[in-house]
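Hi,

Here is the structure I said I would pass on. Have a look at it first, and my notes on what turned up follow below.

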Amino acid sequence: MIKIQSFSEVESDFFEGRDFSQSIDVVKEMLSDVKKRKDDALFDYAKKFDVSVPSSLELPREELESAASELLKNDPKLYDAISYSRDLALAFAKRQRESFDDFEMEIAPGVFTSQKTIPVETAGVYVPAGRFPLVSTVVMTVVPAVAAGVKKIVLCTPPRVHPDEIEKAKKIGEGVSGNPFLGGKPYADKNIMAAAYLCGCTSAFCVGGAQAIGAMAFGTQSVPRADVIVGPGNKFVAEAKKQVYGSVGIDMVAGPTEVFIIADESANVEWVAADLLAQAEHDVVAQSVLATTSRDFANKVALEIERQLAVLPTRETASQSIENYGRIIICDSLEQAAEAANKKAPEHLEIAMNEGSERDKIASLCHNYGSLFLGHESAEVFGDYAAGLNHTLPTSGSARFTGGLSVRMFLKTVTALRTKRDSEGAKKSAEMAGILGDAEGLSAHAHAARLRM
């Protein structure tokens, strides 16, 4: 049963960032190994961690195209869902791209400053394929890079045994974790490959785990070096991204997923319970939180969670998440609920209230969240899959200082200066630069400025 407590009873550490990663020495060793031995290291780690060790790492373009064609034939509804999600995400990301203006301004007489926003050359995307192959993550990571105008989009995802070789692998007892199938055709989760083709990846590789992050960070004989790396993963992947930051850019170090719902008594009990469980089923350490002013509503939601859990296929995971990390907070007012949300800075924030001035007021009070879902009908799962928004969002309180993955991650803003000889502004800049150079004891700086006077 989910924990119910009043706001005054909430422990102070509830509002602190949740960090389930740690400085894992094995990741540091793996990254060093990949940097040194490149492809050889990737093959060795595949033997240790994966179900397949292919003869080569790159997934052939025709394999990706075939996966998309097969998906269209065998599961047209999923094909259409991926395409719809891609189209909305692309439209939103393109509009984001338009918000970054290039300009030149005469900041002082004869002194012109300018800004240009340009895409990085190579983006690296990691897509997990463990218990839940995250097809939607392909959309959310690849499409913003496409919208940004990135030339090379490299995707890495764990290897699988090729369908042509599954029977052979079974006969010799290979193709399972700890005893991988060796030397087969490069292959990955078929839906991830189809999505990679549909969304515009330029190349894809069957490489998983922290070693994939190392491959994209440093480059190997097969995997190109990326300028930025994005995408979720387990604690080893998260730690690898943390350690390679500086060599490459990263989107964020993501922790366990979370949702925070502010609801009044107009909210639908069944919907609220379903939204809490949708988050809880991700991971045993996912966190689902409801803040409300009504204890009666809280009790109804708690009972509804138990009712839905009883028939939920993922109840083993979801029940642990709800029991250990979920909670319902009884607040004195909805303003206090907004205060709690801001202190928590959740990945996803829902405001389950009827449209009107009261909802608008509560929404205006909230300013720390990854994405906001406003109103009863705006289910958080829409944002996960097919509403244009990106589902790669800050967790563990990091929404206090950053937003989610967007087209911005694949862009860099560069600046330029040009001046007119003997202009008033150029002379003034030279004079002031000389004074500041002297003040800092940097005489060559001052000299280089005064030569222009």
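Let me start with Ser396, which sits in the loop between α15 (380-385) and β16 (411-419). Keep in mind that this is a predicted model. Ser396 has a positive phi, near 55°, and is not a glycine. Is Ser396 buried or exposed? With a relative accessible area of 19%, Ser396 is buried, because the cut-off for that is under 20%.

Lys38 is another residue to look at for its backbone. Its phi is positive, about 55°, although Lys38 is not a glycine. You'll find Lys38 in the loop between α1 and α2 (39-49). The relative accessible area of Lys38 is 27%, which puts it in the partly exposed class.

On to the helix pairs. What angle do α1 and α9 make where they pack? Helix α1 covers residues 25-37 and helix α9 residues 235-244; the angle is about 60°, and the axes are 9 Å apart. That angle makes α1 oblique to α9. As for handedness, α1 and α9 cross in a right-handed way. On the α1 side the contact is made by Val26, Val27, Lys28 and Leu31, and on the α9 side by Phe236, Glu239, Ala240, Gln243 and Val244. Sorted by class, that contact of α1 with α9 has 6 nonpolar residues, 1 polar and 2 charged.

The other pair is α16 (residues 424-439) with α17 (residues 443-450). Their axes come within 7 Å of each other and cross at roughly 165°. Angles over 145 degrees count as roughly antiparallel, so that is the label for α16 and α17. The crossing of α16 and α17 is left-handed. Which residues meet there? From α16 there are Ala430, Ala433, Gly434, Ile435, Gly437 and Asp438, and from α17 there are His445, Ala446, Ala449 and Arg450. By class, the contact between α16 and α17 has 5 nonpolar, 3 polar and 2 charged residues.

While you are in α16, click on Lys428, which also lies in that helix. Lys428 counts as partly exposed, at 47% relative accessibility. Between Lys428 and Met453 there are 25 residues in sequence, and their C-alpha atoms are 8.5 Å apart in space.

Next, α14 (residues 357-365), where Arg359, Ile362 and Ala363 are buried. Why do these buried residues line one face of the helix? Seen down the axis of α14, they fall within an arc of 100°, so they share one face. What do the buried residues of α14 pack against? Their partners are β11 (258-263), α13 (334-344), β14 (348-352) and β15 (371-374).

Last one: Asp101, in the loop between α4 (76-98) and β3 (103-108). Asp101 has a relative accessible area of 49% and is partly exposed. Asp101 is 312 residues from Thr413 in sequence, yet the two are 9.8 Å apart in space, C-alpha to C-alpha. If you leave aside neighbours within four places in sequence, Asp101 is in contact with Gln115 and Thr117.

That's the lot from me.

Cheers

Definitions and conventions:
Residues numbered from 1 in each chain as written. Predicted model: local features only at pLDDT ≥ 70, side-chain atom pairs only at ≥ 80, totals over all residues. Heavy atoms only, no water. Axes fitted to C-alpha atoms, helices over the stretch in contact; angles between N-to-C directions. Helix = DSSP H or I, 4+ residues; strand = E, 2+ residues; numbered from the N terminus. Parallel < 35°, antiparallel > 145°, perpendicular 65-115°, else oblique. Left-handed = near helix turned anticlockwise from the far one by under 90°. Contact = heavy atoms within 4.5 Å. Nonpolar A, V, L, I, M, F, W, Y, C, P; charged D, E, K, R; others polar. Buried < 20%, exposed > 50% of the residue type's maximum accessible area, 1.4 Å probe, protein only. Arc of directions from axis to C-beta.
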